[in-house]
Amino acid sequence: MYKVDPPPDPKEVAAIEARRNQEKEQQGLFFNVWTRGMRVDAEALNSQAEEKKLRKAKQQSEVAAYGTNQVQYDMVAQMLEKEQAERTHRLDKKMQEFRKQKQQLEKRRELDIWDSDPLWGEFPAHLGDNDPHWGPASLQCFSWEDLDRATCLRMQQEEFMHSLERPLQEQQQQQARVEENCADTLSEQLRLAMDLRATQLAKLEECCRKAIMSAKANSNKAQVAKMAKQQRHEHQHQRKANFVEIQNQITSDLLTESPQVAQNPMAPHRVLPYCWKGMTAEQRAAIRKVQEVQHHEKEAQRQTEQALDTKWESQPMCLAQAAMELEEQERELCAEFWWRVGSFDQWLAK
């Protein structure tokens, strides 16, 4: 007996199950009004966009503030460098003037190795009447000579230099005070200018922030309006598509019980699994008839096999009975043989 239903194909079973699930989902989309369209969380998306824009604006403001601080620091550094350069220049100038006035070549006290006659100036012309370097005949002083002339001239020169240096020093001190006052004034003006600039930058930053917030609010309103319009358009489009699909499903052969829908156009002996609605009464009757015929054939085959089995089961008993009969015949033949042998022996004995 052969089976009527072949083993199902796993791929075909999976395809049928997927199609069944898809049809259930489509029916849910068709007949459930609340789950027809896809919905997104617009508020969450808007909040994410707002957070991203705020974070970007904050970063830009931080970069702008950092740039402003850098400009201010650069200005202060340049002014400090300029003031330091001026102070160094004044110090060098004062040192040059000091060297020019106080460290002259004539007033040096160290030994000059470039002097060709160092010994000429070692002793003075005349130190007095009791000078041990000169004898009695050495005439050193004349009537027109003044022995203290060099000392007087030196003292006059020193006094003259002091008189010249005093107003110069006062002038330098006054100039230093004036420069210090100018530096203080400039630093105060710089501080005021920096404060004014910081105030202006703060006002500009506040104006920019207000402008950014206003532009952001306008942009958000425009985006919300655009999103609402897009959602209405998508809702209308989805609704129209759902109506068209429902109408197509209702008017098509998908929901009908016509067996011709499941007929495969490429293979008439096969059916389309996703359109097959079941067998007709004639097909079921034909299958039952074939099953009955196969059942009768199977029953006759079973009876034949059972008779053959019974015959095979009774064959050992027949063989045992035949063996017993053969053994009985063998015993009788043996008894007759020994009887004849005994009779022959008795005959020979006579």
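**View 1. Nonpolar surface patch of Val 271, Trp 276 and Met 279.** In this predicted model, the three side chains make a patch of about 270 Å². A nonpolar patch joins Val, Leu, Ile, Met, Phe, Trp or Tyr side chains within 5 Å, from residues with over 30% relative accessible area and no salt bridge (a side-chain nitrogen of Lys or Arg within 4 Å of a carboxyl oxygen of Asp or Glu). Areas follow the Shrake-Rupley method with a 1.4 Å probe. Val 271 sits in the loop between helix H3 (149-251) and helix H4 (281-349); helices are DSSP runs of H or I with at least four residues, numbered from the N terminus. With a relative accessible area of 39%, Val 271 is partly exposed (buried is under 20%, exposed over 50%, partly exposed in between).

**View 2. Aromatic pair of Phe 337 and Trp 338.** The whole structure holds 2 aromatic pairs, meaning Phe, Tyr or Trp rings (six-membered ring for Trp) with centres within 6.5 Å; planes under 30 degrees apart are stacked, over 60 edge-to-face, the rest tilted. Phe 337 and Trp 338 are edge-to-face, at 5.6 Å centre to centre and 70° between the planes. Trp 338 is exposed, at 59% relative accessibility.

**View 3. Aromatic pair of Phe 344 and Trp 347.** This pair is tilted, with 5.9 Å centre to centre and 35° between the planes. Both residues lie in helix H4, 3 residues apart, about one turn of the helix. Phe 344 is partly exposed at 45% relative accessibility, whereas Trp 347 is exposed at 59%.

**Notes.** Residues are numbered from 1 along each chain as its sequence is written, and side-chain values use heavy atoms, without hydrogens and water. Local features need pLDDT of at least 70 and side-chain atom pairs pLDDT 80 or more, while totals for chains, interfaces and linings use all residues.

Definitions and conventions. Patches are made of residues with over 30% relative accessible area and no salt bridge: like charges are joined within 9 Å, nonpolar side chains (Val, Leu, Ile, Met, Phe, Trp, Tyr) within 5 Å. Helices (H or I, at least four residues) and strands (E, at least two) are DSSP runs, numbered from the N terminus. Buried means under 20% relative accessible area, exposed over 50%, partly exposed in between (1.4 Å probe, protein chains only).
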